[in-house]
Amino acid sequence: MAHWFPHMIWFWATSCSDYDVTRLAIEDTFRQEGGNLTVDILWVMDDSGTMAEEQENVVANLGSFVSVLDGFNADWQLAVITTGAEDENVGVIDTIFTPYDADVEEQFAAAVEVGIDGSRDEQGLFAMLTATSAPLLSNENDGFIRDEADFAPIIISDEDDQSPGDTEEYETHLIELKPYTSARLSAVVGELPAGCASPYAAADPAERYIEISINTEGIQDSICRQDFTSTMEQLALNALDLTDTFELSAIPEPGTLEVKLDGVLLYEREENGWQYDPGKNAIIVDGYAIPGPENMLLIRYYEWTS
């Protein structure tokens, strides 16, 4: 994840009436210290018999994913493999997609819709490791992993991983694959501790995927969501090592929030602006308001007092 460093500037403002009222004004400053706009993203799609609706949901929202990447003019590569360990072509990448491909969203969506004829022995971690190791990495998959790029594998599955070995082997592989940049594995899977169920999907708890995702600072989200728009946006931001959520150092007094990006005042609005999330006590920004690498976000407000 990106690293943020808040700074607080305190001063007192006093007004006079029958008695003095003291208000505490705060500035929280955040710099996008992380961020790598060069990234190789590997979608690892479960192609077992229960994944039809889930694949359709992902495909329907891939435009949001690509839009975030393109909004930062990122130098990205996308590829798709499946979780089927019994597939003789396990880990083999058919196509590497880039921003320069014609009709890339349509082509990418077609590749993500991998079908439901795959093995019930879902081994997403093994497939990811195979795709990014010898001999495939210097043969069929040559050119996908670039030295200067971060690596962002994304697992989509309604089952937990059944790969051989413990998770440390796969986590170590990610670290060794990217000694000078970063690798973050994200998982859109069944939630802990009991999985999830909805009219749109059902999934077992994915302990192995979630463990590695947490350890590598990826995204963990539920595959049972009705709408994947937000999920796709968060996956894309995490792939770029960026964030859109900034936790405040104090509770703000209603109506006093002011947000600036590199000195430019941002509007309070859902699209290309900011909103306050009271549950997180955070400012969430959208679209053009999301800071890129090294950009500064300044948030001013009065602290709420009871």
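## Glu-258 and Arg-300

Glu-258 is partly exposed at 29% relative accessibility, where buried means under 20% relative accessible area, exposed over 50%, and partly exposed in between, with a 1.4 Å probe and protein chains only. Its salt-bridge partner is Arg-300, with the closest N and O atoms 3.2 Å apart; a salt bridge here is a side-chain nitrogen of Lys or Arg within 4 Å of a carboxyl oxygen of Asp or Glu. The pair joins distant parts of the chain, 42 residues apart, with Glu-258 in strand 11 (residues 258–261) and Arg-300 in strand 15 (residues 296–302). Helices (H or I, at least four residues) and strands (E, at least two) are DSSP runs numbered from the N terminus.

Arg-300 is partly exposed as well, at 30% relative accessibility, and a network of salt bridges links Glu-27, Glu-258 and Arg-300.

## Basis of the values

The model is predicted, so local features need pLDDT of at least 70 and side-chain atom pairs count only at pLDDT 80 or more, whereas totals for chains, interfaces and linings use all residues. Residues are numbered from 1 along each chain as its sequence is written, and side-chain values use heavy atoms, with hydrogens and water left out.

## Other salt bridges

Nine salt bridges are found in a search of the whole structure. One of them joins the side chains of Arg-146 and Asp-75 at 3.1 Å, N to O, and this pair links distant parts of the chain, 71 residues apart. Arg-146 is buried, with a relative accessible area of 14%, while Asp-75 is partly exposed at 28%.
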